[in-house]
Amino acid sequence: MKVLLVNGSPHEKGCTYTAFREVADTLNSEGVETEFYTIGTETTAPCRHCCACRKLGRCVIKDRVNDFVDYAAGFDGYVIGSPVHYGAMCGVAVPFLDRAFYVSFMSGRNIFRLKPAAAVVSARRAGTTATFDQLNKYFLISQMTVIGSRYWNMVHGMTPEDVRKDEEGMQTMRILGRNMAYQLKCLEAARKAGVQPPAWEPDVLTNFIH
């Protein structure tokens, strides 16, 4: 069992990473492997909505998003986090995640479907719940199981040192890690018992007019 922790912060080892580290250490103690992926500061082009990925199976924009989708497909669960920038997700993370999830769905690969996922948010002060909601929307539209904790998955602090002093936030991350590990073990037990995943139903697309 492997979980990929995708850090949407421009800082590789800042506040979001500090929260991730607590989750990863807990997952490791439960026998779950973890790897980190940092989106960083490299500019990612936004989705063009050309829908070429439906035919190509990949995004027509040749950058690291395609490589990420290939890489992420090999994991059993995901933790995706972002700091709060202007009351929402980090601006670099948004186009990256938009395209990764869109390509996964439109290409028919559906690499995230039925896998557990958790959002983690860090902030100095406010904007955490709005960012938390924003991240969870990627999971819910992808038919993923959203993993929670005893509080919304967030930490507070200006620096990693501040975050480590956020005792409630750190506890929330540990409980999140244990809940994620439990869900992965349940899925593994279900597979061994022969429980089949839900059948895929073709999409019905409508709008508010007809």
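Modeller: Helices (H or I, at least four residues) and strands (E, at least two) are DSSP runs, numbered from the N terminus. The model is predicted, so local features need pLDDT of at least 70 and side-chain atom pairs count only at pLDDT 80 or more, while totals for chains, interfaces and linings use all residues. Residues are numbered from 1 along each chain as its sequence is written, and side-chain values use heavy atoms, with hydrogens and water left out.

Colleague: How do you know that the span of helix α7 agrees with its number of residues?

Modeller: The expected span is 1.5 Å times one less than the number of residues. For the 26 residues of α7 (167-192) this gives 38 Å, and the end C-alpha atoms are 38 Å apart, which agrees.

Colleague: What makes E30 and K185 a salt bridge?

Modeller: The term requires a side-chain nitrogen of Lys or Arg within 4 Å of a carboxyl oxygen of Asp or Glu. Here the N to O value is 3.0 Å, so the pair qualifies. The pair links distant parts of the chain: E30 lies in the loop between α1 (15-29) and β2 (33-38), and K185 in helix α7, 155 residues apart.

Colleague: Why is R99 called buried?

Modeller: Buried means under 20% relative accessible area, exposed over 50%, and partly exposed in between (1.4 Å probe, protein chains only). R99 has 1% relative accessibility and therefore counts as buried. R99 also forms a salt bridge with D63, at 2.8 Å between the closest N and O atoms.

Colleague: Is K185 buried or partly exposed, and why?

Modeller: K185 has a relative accessible area of 32% and is therefore partly exposed.
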